[in-house]
Amino acid sequence: WELDLHGLYVSEATEALRQRLQLLQRQPPGPAQPAPTGSAAAGHPTRGRALRVIVGRGNHSSGGEASLPRAVAAWLDDAGLRHRLVGGSIEVAVRPLPLPRRR
């Protein structure tokens, strides 16, 4: 899966990410998704169900430093989601929501 946040404001980006993660977490587990191209899949925390979040590198940002990758990574940290920065994207481990308990 992939989500392109490049060019969005931080508030727009985190809301779009929240919505996409909720959608993906509701999907029942199926066959493992292939690791994104160029990632080191072996032993990687996002191996299996992963979302590639494109955040850009900041080449066109003032001062040449992107605020979006830092803000998205901080949001993911706060949400307790495993992730790692790979170039201009962040790979996020997607966990399915737990099934409700039967009464």
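A residue counts as partly exposed when its relative accessible area falls between the cut-offs for buried, under 20%, and exposed, over 50%. The views below show a predicted model.

**View 1. The salt bridge between R52 and E2.** R52 and E2 form a salt bridge in which the closest N and O atoms are 2.6 Å apart. R52 belongs to strand β2 and E2 to strand β1 (residues 2-4), so this pair ties together parts that are 50 residues apart in sequence. E2 has a relative accessible area of 46%, so E2 is partly exposed. R52 is partly exposed as well, with a value of 29%.

**View 2. The salt bridge between E15 and R18.** Here the closest N and O atoms of E15 and R18 are 2.4 Å apart. Both residues lie in helix α1, where they are three residues apart, about one turn of the helix. E15 is partly exposed, at 31% relative accessible area, and R18 is partly exposed too, at 30%. The model's count of salt bridges is two.

**View 3. The largest nonpolar core.** This core has 17 residues, and L17 and L51 are the members that touch the most others. At least two core residues come from each of α1 (10-26), β2 (50-54), α2 (68-79) and β4 (89-93).

**View 4. The surroundings of L51.** Neighbours within four places in sequence are left aside here. The remaining contacts of L51 include W1, E2 and L3. L51 also contacts L17, R20, L21 and L24. Further along the sequence, the contacts of L51 include I90, E91, V92 and V94.

How values were computed
Residues are numbered from 1 along each chain as its sequence is written. This is a predicted model: local features need pLDDT of at least 70, side-chain atom pairs count only at pLDDT 80 or more; totals for chains, interfaces and linings use all residues. Side-chain values use heavy atoms; hydrogens and water are left out. A nonpolar core is a set of buried Ala, Val, Leu, Ile, Met, Phe, Trp, Tyr and Cys residues joined through side-chain atoms within 4.5 Å. Buried means under 20% relative accessible area, exposed over 50%, partly exposed in between (1.4 Å probe, protein chains only). Helices (H or I, at least four residues) and strands (E, at least two) are DSSP runs, numbered from the N terminus. Contact means heavy atoms within 4.5 Å. A salt bridge is a side-chain nitrogen of Lys or Arg within 4 Å of a carboxyl oxygen of Asp or Glu.
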